[in-house]
There are 2 protein chains.
Amino acid sequence: MTDAPLYRQVAEGLRRRILTGELTPGAQLPTEMALCDTLGISRHTAREALRILTEDGLILRRRGAGTVVAEAPAPAFAQTLGDFDDILQYARDARFVCQSAEPADAEALDALGLTGEFSLLTGLRQVSQEPPMALTRVFVRADIAPDFETVNRLSGSISEWLEATHAIAITRVTQRMEAVALSGTQASVLGVRAETPALRTIRRYRDTGGEIIQLSESLHPAGRFAYEMRLERGQ
Amino acid sequence: MTDAPLYRQVAEGLRRRILTGELTPGAQLPTEMALCDTLGISRHTAREALRILTEDGLILRRRGAGTVVAEAPAPAFAQTLGDFDDILQYARDARFVCQSAEPADAEALDALGLTGEFSLLTGLRQVSQEPPMALTRVFVRADIAPDFETVNRLSGSISEWLEATHAIAITRVTQRMEAVALSGTQASVLGVRAETPALRTIRRYRDTGGEIIQLSESLHPAGRFAYEMRLERGQ
DNA sequence: TAGTGGTCTAGACCACATG
DNA sequence: ATGTGGTCTAGACCACTAG
């Protein structure tokens, strides 16, 4: 269980101290040498840990000046999207904890432009024991939808499960992102105030025929999630 | 000029061999030990170079198997390229009306993780006479930044202007999106209530060396903007 | 001037993939 | 069995920041 690399363990320890507020924005982090001494690790290992936090935007480093917690601590989790497969990676990293499964009502389907019969899975996106990263609704075409127990036993993503068990190929995904205010009930589930800003992402998964076989909507409260993508210019 | 760190020089050398086609997708790269021997560098330096290429998605590394050039974007997978141009398209459609140009203060640069001297252009994104779509700040490296009049005369995007007038190539753009609440001043400029949710997008434009030469931050109030993207699975 | 992070070297042991 | 990349140690010199 604790077979994670040492530098990663160190990084997670520092990350926790930042996210819990023990280290507030602007505060100095231990210097590299201090980390080496107190933790009994080499400088390379300490730097590797600090590199992770730097890439996550949690800390700022300046030669000669030291390391401080970033002013606006970046969300604990950022999704990097480079290509199609990265979306699936996100689904694996951030575990979907399903809380209810039921037939979707017509009103909800209408609002999202879905036609036909769908199952609705409602739950939370979670990474380890942190507060939930998102409130998520997943609509799956009724005739191929997994049941409640199956979803919570999944090690991968729902779309991967669909492809594996129903010989379905998802060839196109459209994703929409916008800012919204959380309703009272949504906010309470996520443990934030009503009207808190949230990033709403809607993904529509289509098969080769262009038909929508799955739709997921996630509400990420401000500060818990950022969506990051990298775009390369062809050569 | 050639005072770039050794590992970066090594990375650029390998990058060139890949981009010129000397190393084609799937081809084996030299092993770490081979790089050490032929270039007379330490393993740490070689690994640092390979790490850059890994983060850029140019190569794939597998323990025991070696390092290979990543598969070329499949024909149908003009995704990254398409997205890149789409960003510029957005910049052309939504005109940037600059309201002020000044040197960026250290605090603002710090908060965004920028080092060096930058000019700050503040303004609005507008389509025709509609209410502004976004409140935008653009940071441009001071030595190449356009002045106030130039910006407002531009027909294209700022990044295009940089490339055209300074012989600069922007090869990588990272974009980050998250939900935030607008401050009072931000809200009043946009004509909405304070605390209105907004989609915050930050784009970092990098040259071939990985240096950030431009950064833009846009605040899109809820309801005025949504970001939509399409992802195709390569075959 | 003292201390910081940035770079670099020269070792070592390990888990893993391949033949 | 060999060689790969992944991790880790113990040093070193440098450029830069700050007191």
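1. A residue is called partly exposed when its relative accessible area falls between the buried class, under 20%, and the exposed class, over 50%. Asn152(B) belongs to this intermediate class because its relative accessible area is 23%. The structure under discussion is a predicted model, and the points below should be read accordingly.

2. Asn152(B) sits in helix α6 of chain B, which covers residues 148-153. Once neighbours within four places in sequence are set aside, the contacts of Asn152(B) are Arg95(B), Phe96(B), Val97(B) and Cys98(B). For Cys98(B), the C-alpha to C-alpha distance from Asn152(B) is 6.1 Å, although 54 residues separate the two in sequence.

3. Confidence and overall composition of chain A. The mean pLDDT of chain A is 80, with 82% of its residues at 70 or more. The stretch of residues 74-89 of chain A has pLDDT below 50, yet the model gives this stretch 61 contacts beyond near neighbours in sequence. Where pLDDT is low, predicted coordinates should not be read in detail. Chain A contains eight helices and 10 strands, and 47% of its 235 residues count as buried. Among the contacts in chain A that join residues at least 6 apart in sequence, 60% link residues at least 24 apart.

4. Helix α3 of chain A and helix α3 of chain B, each spanning residues 43-55, have axes that come within 15 Å and cross at roughly 15°. Since an angle under 35 degrees counts as roughly parallel, α3(A) and α3(B) are therefore roughly parallel to each other. The crossing of α3(A) past α3(B) is right-handed. On the chain A side, the contact is formed by His44(A), Glu48(A), Arg51(A) and Glu55(A); on the chain B side, by His44(B), Glu48(B), Arg51(B) and Glu55(B). Sorted by class, this contact between α3(A) and α3(B) comprises six charged residues, two polar residues and no nonpolar ones.

5. Within chain A, α3(A) also packs against helix α2 (residues 32-39), at an angle of about 115° and with the axes 9 Å apart. The crossing of α2(A) and α3(A) is right-handed. From α2(A), the contact involves Glu32(A), Leu35(A) and Cys36(A), and from α3(A) it involves Arg43(A), Ala46(A), Arg47(A) and Leu50(A). By class, the residues of this α2(A) and α3(A) contact are four nonpolar and three charged, with no polar residue.

6. The residues contributed by α1(B) are Leu6(B), Tyr7(B), Arg8(B), Val10(B), Ala11(B), Leu14(B) and Arg15(B), which meet Thr45(B), Glu48(B), Ala49(B), Leu50(B), Ile52(B) and Leu53(B) of α3(B). The contact of α1(B) with α3(B) has nine nonpolar, one polar and three charged residues.

7. Glu195(A) has a phi near 70°, a positive value in a residue other than glycine. Glu195(A) lies in the loop between α8 (184-190) and β8 (197-207) of chain A, and it counts as partly exposed because its relative accessibility is 49%. In chain B, phi of Glu195(B) is near 75°, again positive in a residue that is not glycine. The loop that holds Glu195(B) runs between α8 (184-190) and β7 (197-207) of chain B. With a relative accessible area of 48%, Glu195(B) is likewise partly exposed.

8. Pro197(A) is placed in strand β8 of chain A. Pro197(A) is classed as buried because its relative accessible area is 9%. Apart from neighbours within four places in sequence, its contacts in chain A are Val180(A), His220(A), Pro221(A) and Ala222(A), and its contacts in chain B are Ala179(B), Val180(B), Ala181(B) and Pro197(B). Pro221(A) is 24 residues from Pro197(A) in sequence and 6.1 Å from it in space, C-alpha to C-alpha.

Conventions
Residues numbered from 1 in each chain as written. Chains lettered and ligands numbered in written order. Predicted model: local features only at pLDDT ≥ 70, side-chain atom pairs only at ≥ 80, totals over all residues. Heavy atoms only, no water. Axes fitted to C-alpha atoms, helices over the stretch in contact; angles between N-to-C directions. Helix = DSSP H or I, 4+ residues; strand = E, 2+ residues; numbered from the N terminus. Parallel < 35°, antiparallel > 145°, perpendicular 65-115°, else oblique. Left-handed = near helix turned anticlockwise from the far one by under 90°. Contact = heavy atoms within 4.5 Å. Nonpolar A, V, L, I, M, F, W, Y, C, P; charged D, E, K, R; others polar. pLDDT = per-residue confidence, 0-100. Buried < 20%, exposed > 50% of the residue type's maximum accessible area, 1.4 Å probe, protein only.
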